[in-house]
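Here's a quick tour of a protein chain for you. Have a look at the picture first, then we'll walk through it topic by topic.

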Amino acid sequence: MPRTVPVALAGAVASTAVLAWLFALPGVAGLFHWGYQRPAFVALALLAAVPPALLLVALAARRLVSERAARYPRAVAALAGGLGLLVSLAACVGVSVAPLPGRPADSPLRLVDERVGIAPGSALVRLSFSSDPHFGAASSDPSAREDIIRGVASSVPARDAFLVLGDHVEMGMFAKPWKEEAEAFARLAPDLPLVGLMGNHDALVNGAPRWRAYWKPDGADPDSGSPYYRSFDAGPASIVILDLLWGAERFSRKQEAWLERTLAAIPPERPVIVLSHAFAWASGYVDPASRRPWYDEAEVIAKVSPILEKYRVELMISGHNHYLELLESKGVAYALVGAMGGKPDPEPSYRSPASKWIAVGTHGWLDLDASAAGLALVFRDRTGAALKEAFVETRP
Ligand SMILES: [Fe+2]
């Protein structure tokens, strides 16, 4: 066998293996689906496919023409294989090693103990929500996120917990922004109990281990078996957290079955608050990078919303779009709170038919007081001024 053949085959195998590994990482399938970095994935796929294809050509040339004619496709196959080996090695080193340095052994954040829940047994619980601070993004507004953290922490009466619905950082694989976020919470809100979700940016490109180290250091939830989707009680209400990074690409059958099981087990008199990073209903625009509609997410609406309707869920709160918005569809209220400091999204070119109210270009958060009667909502700007109030009644 000519020496070029093993090199060509090794390159193809390495490129295929790296491609499969990348797609198994949280958030990468969504990255591809939404059209980001697609040329890099296509290049890797070509490096996997071209060497074996050229070896077949060489085989045919040898049979039909001459041994000499087979040399050229074999040489190009070996070159492509060698390049595949180099690129695979670089991708492995870049993506797998990057998350390791600076990983905290124990989270420095003051996290809610989710096994106990928030304010267990209380008739009233005071929760605050925001999302998408995007630490580490040059386009984000550090003073806005500091105002929001400080504002939630200094609220009177005190809030029982602050729930941040993802996109904590711009690129999850880098250590510095995670540290910066933890330091900001320690400095501005040392006594505020926190809950965090993972967003699509947190997962990039191998950021999930860092998100887990900071926001879910105790590992997988014993009931769901996942650190990403889980459920716990907050006073008279129940919190159900979904794993939706870009859309419904991670809403597996397992997660769907767990959601059904979880909602069915919640007594009907308890209001239910579902949380996710990616939204179901939202106003928005056509994303200039992916040229895809970045609003009313059809797959989430088709797969998740009917379950919320079936179990008479009161409210779903999400981030992902950088607006404050209140919507309603088929009896379920939806809120968007992606206004914690990430660059505000543009004036929507598409207004969701479900939209009841929207604030564009305004950083802020959502206060929610839950009682047996329902959920009292107050959207606030970064100064704490109330922008919009609403009441979502419990649907027994
Ligand atoms: Fe975001």
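How many Å separate the centres of domain 1 and domain 2, taken over C-alpha atoms? The answer is 40 Å. Keep in mind that you're looking at a predicted model. The domain assignment puts domain 1 at residues 4-97 and domain 2 at residues 125-393.

**Where the two domains meet**

- Domain 1 puts 13 residues in contact with 15 residues of domain 2.
- On domain 1's side of this meeting place, the elements giving two or more residues are α2 (28-33) and α4 (67-97).
- Of the elements on that side, α2 gives the most, with five residues.
- Sort the residues on that side of domain 1 by type and you get eight nonpolar, five polar and no charged.

**The nonpolar core**

- In general, nonpolar side chains tend to be buried together in soluble globular proteins.
- Here, the largest nonpolar core has 108 residues.
- Leu 275, Ile 317, Ala 335 and Val 337 are the ones with the most contacts inside this core.
- Helix α3 (residues 38-64) gives the most to the core, with seven residues.

- Helix α1 has 21 residues and spans 31 Å from its first C-alpha to its last, close to the 30 Å expected at 1.5 Å a residue.
- Its buried residues are Thr 4, Val 7, Ala 8, Gly 11, Ala 12, Ala 14, Ser 15, Val 18 and Leu 22.
- Why do the buried residues of α1 line one face of the helix? Looking down the axis, they fall within an arc of 165°, so they share one face.
- Turned away from the buried side of α1 is a face with the exposed residues Pro 6, Ala 20 and Ala 24.

**A closer look at Leu 9**

- Leu 9 sits in helix α1 (residues 4-24).
- Leu 9 counts as partly exposed because 17 other C-beta atoms lie within 10 Å, while a buried residue needs 20 or more.
- Not counting residues up to four places away in sequence, Leu 9 touches Pro 51 and Gly 81.
- From Leu 9 to Glu 309 is 300 residues in sequence and 52 Å in space, C-alpha to C-alpha.

Conventions:
Residues are numbered from 1 along each chain as its sequence is written. This is a predicted model: local features need pLDDT of at least 70, side-chain atom pairs count only at pLDDT 80 or more; totals for chains, interfaces and linings use all residues. Domain bounds come from an automatic or database domain assignment. Two residues are in contact if their C-beta atoms, placed from the backbone, lie within 7 Å. Helices (H or I, at least four residues) and strands (E, at least two) are DSSP runs, numbered from the N terminus. Ala, Val, Leu, Ile, Met, Phe, Trp, Tyr, Cys and Pro count as nonpolar, Asp, Glu, Lys and Arg as charged, and the others, Gly among them, as polar. A nonpolar core is a set of buried Ala, Val, Leu, Ile, Met, Phe, Trp, Tyr and Cys residues joined through C-beta atoms within 7 Å. A residue is buried if 20 or more other C-beta atoms lie within 10 Å of its own, exposed if 12 or fewer, and partly exposed in between; C-beta atoms are placed from the backbone. The expected span of a helix is 1.5 Å times one less than its number of residues. The arc is that of the directions from the helix axis to the C-beta atoms.
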